[in-house]
Amino acid sequence: MSIAFDQGVFTLTTKNTMYQFMTDRYHVLIHLWYGKNTHCDMSYLVDYPDVAFSPSVFDAGRDRTYSLDTRLQEYPVQGTGDLRIVGGKVKTPDGCSSLDLRFEGFSAEKGRAPIEGLPYARAEAECETLIIHLRDSVLDLNAKLYYVVFEELDIIARHIRFENSSDQTLILEQAASAVLDLPNEDMDLISFSGRHAQERQLIRRSLEQGTVSLDSKRGTSSHQQNPAFILAGKDTTETCGSCYGMMLAYSGSFQALVEKDPLGQIRAVMGIHPDLFEWVLEPGQSFETPEVFLSFSSRGFEQLSHNYHGLINTCIVPARFQNTPRDVVINNWEATYFDFDGDKIAAIAGEAAALGIDMLVLDDGWFGSRNNDSQALGDWFVNEEKLGGSLQQLIERIHAKGMKFGLWIEPEMISEESRLYQEHPEWALSIPARGCIRCRYQLNLDLSNPDVQEYLFERMDALLSENEIDYIKWDMNRPIAQWYSPCWPADRQKEVPHRYMLGLYALLNRITQAHPGVLFEGCSGGGGRFDAGMLFYHPQIWTSDNTDAHDRTRIQYGTSFFYPVSAMSAHVSAVPNHQTGRVTSLSTRGAVAMAGSFGYELDLSKLSGEEKREIREQVGWYKQLRPLIFQGDYYRLTGADENRSFWMFVSKDKRKAFVEGVVYEHKPTALRHRIRLKGLDPDAWYRCIGASFESPAVHQILSGEALMSGGCLLDYSWGYDKAMALVFEKVE
Ligand code: DGJ
């Protein structure tokens, strides 16, 4: 049993952690513990100090020692005298913002129920659910706090449901998915922040008194802040120390606030961004939030990452794509941009097939009158003139070369220069009294409108039914800056941002269910919507528009803290790189892209015979190793700021390991670089069965302990960016 209740104390246990809270004398849910399993009732730590300027709760009367402003809680709300950041706010018809949720009862069940209309952690791994029933007896408002405990994965999924059982209209002004209170300790906050083409750069900052906001008001989870962060002890490293993760399964505007209060206690609140949210709860109506995944590791970031990789690989991505090695693709975007026709695409496919590549993905420009980025979004009809025939005819030409076919689409957008806009200007999100706010010359469609959802489903369904398409790249190339929908009354306009997300998820659900064999890749100008919400429908995401191998190692490094490599799409592109102008070797570009769903994105006809030979070798190497890449455990071997970047994959049974990386710079008068491996069986013996360079480790049989504690000497490198790879096998 992973859920226990004893004398008012609830204990949730997973393989390596314990989460505990209790109901107190005023029926408030007091947080007790999240961390290692202590096998104890941790309520002995609860202290009731008299803290000046901290108000007492109503029922405490003149008792100065009971203030919610100083208590660790499970779901603090606005209106009880807790003056820190809170999870929930409700407005009553008289204009008051006041909420007070107290414990009423609980229920527990095996497994879990889905969250209607939203992504969630599927019950693909064993789980149990604890539901805490809370009630505001003044407002006649009920709330249910859900804790889904995934014992083996060391994950607790939390969300809340509000139910208006009164006879008056209530307005939810804030409905965070979860709050995590931690005792007074010095901690660091680690975020994954950035911008377009520089996504998920790890930032570690010390938490001081005050509040830090990691958020997006862009209508997407964004390039700027990822909806996942870590709270870590000051000394926590990759393999030692305590850390907590919080990751939101939501792809729209979100907010994660972390406050260190004046007493040094830490509170983290995560959910839909309250600035772009309000929900009208008529009598009898309810509202359910997205889900937050909590995890704790006492063994550093590596273990925390493994917990989240396990969750995504087992319970988030659709079952049919879990741990399944992917095809090697060639994408025409950086090879042709909009300048292509059917013959050029068929020629690229021919070149790629000869190198062992499995699938051609036709990117932007195949529809309507789209020949540059100012036109035709929304006109999802094939431009047969440009392709020199129907799409199916082009697909048959690709098939004839032994390759599969994938197609790019950007369903959520509309160009003003399009047939769709002429017919339905009201489908574009804009504020009627003002002009449109453009971005990349395009506007957002109003996905809160069921007619828009229907149009998009009909178009995509027709494309997928009439043509043999194996893969869809679903792009989204601008943030949302104007929120008004003619479909909703004035008092529900603040619901539109979340209704957009519900519309998007409904469309994704419908189209992926109707075409279960198609692999969907998410994309938002690269990694602008790289989150667990999208991974529920799209098992992989184009990690970044930045394909420069050097920058990519940092982007993929940051991404790896919460997301598995199977979710990261990565391609080898041309040099000088189109985003940075940097020249890196083909072997470096290959090595970096192999730590993901691998492919190419360049004009193969411009390559020399030697380069083609190297690509054929890379593809062969990847195909041999991809079961290990997709099914093994991923280890970071270096940090972000070193002049080398190394990582490795180890099979679950520890029999096989693949070490890969790049030395970016070599200093004169220096010893060889040395890499300490991870994840091996210390008592087993390993033999190197493949290496891209000469090293003593390549020829000797060494123990797992030697390879992990002593490590391997790498090749003497000369110049810049030398990629290196080693494959080890256990000696039986
Ligand atoms: C942005 C994507 O990230 C690129 O890979 C490419 O698909 C373009 N959009 C096409 O417009």
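Leu189 has Leu231 of β14 as its bridge partner. Those two sit where β11 meets strand β14 (residues 228–233), an antiparallel pairing over four bridges; strands count as paired here if DSSP finds at least two bridges between them. A strand is a DSSP run of E with at least two residues and a helix a run of H or I with at least four, numbered from the N terminus.

A quick word on the source: this is a predicted model, where local features need pLDDT of at least 70, side-chain atom pairs count only at pLDDT 80 or more, and totals for chains, interfaces and linings use all residues. Residues are numbered from 1 along each chain as its sequence is written, and side-chain values use heavy atoms, with hydrogens and water left out.

Back to β11, which covers residues 187–195 and is mostly tucked away, with seven of its nine residues buried. Buried means under 20% relative accessible area, exposed over 50%, and partly exposed in between, using a 1.4 Å probe and protein chains only. The β11–β12 hairpin has two residues between its strands, and Ala197 takes a positive phi near 65 degrees in it.

| Pair | Sense | Bridges |
|---|---|---|
| β11 (residues 187–195) and β14 (residues 228–233) | antiparallel | four bridges |
| β11 and β12 (residues 198–206) | antiparallel | seven bridges |
| β35 (residues 685–691) and β36 | antiparallel | two bridges |

Now for the whole chain, which has 14 helices and 38 strands. Its radius of gyration is 27 Å, close to the 27 Å that the globule rule gives for 732 residues, so the chain is as compact as a globular protein of that length. That radius is taken over C-alpha atoms, and the rule is 2.2 Å times the number of residues to the power 0.38. Along its principal axes, the C-alpha trace spans about 85 × 70 × 45 Å.

Of the 732 residues, 63% count as buried. Among contacts (heavy atoms within 4.5 Å) with a separation of 6 or more, 69% come from residues 24 or more positions apart.
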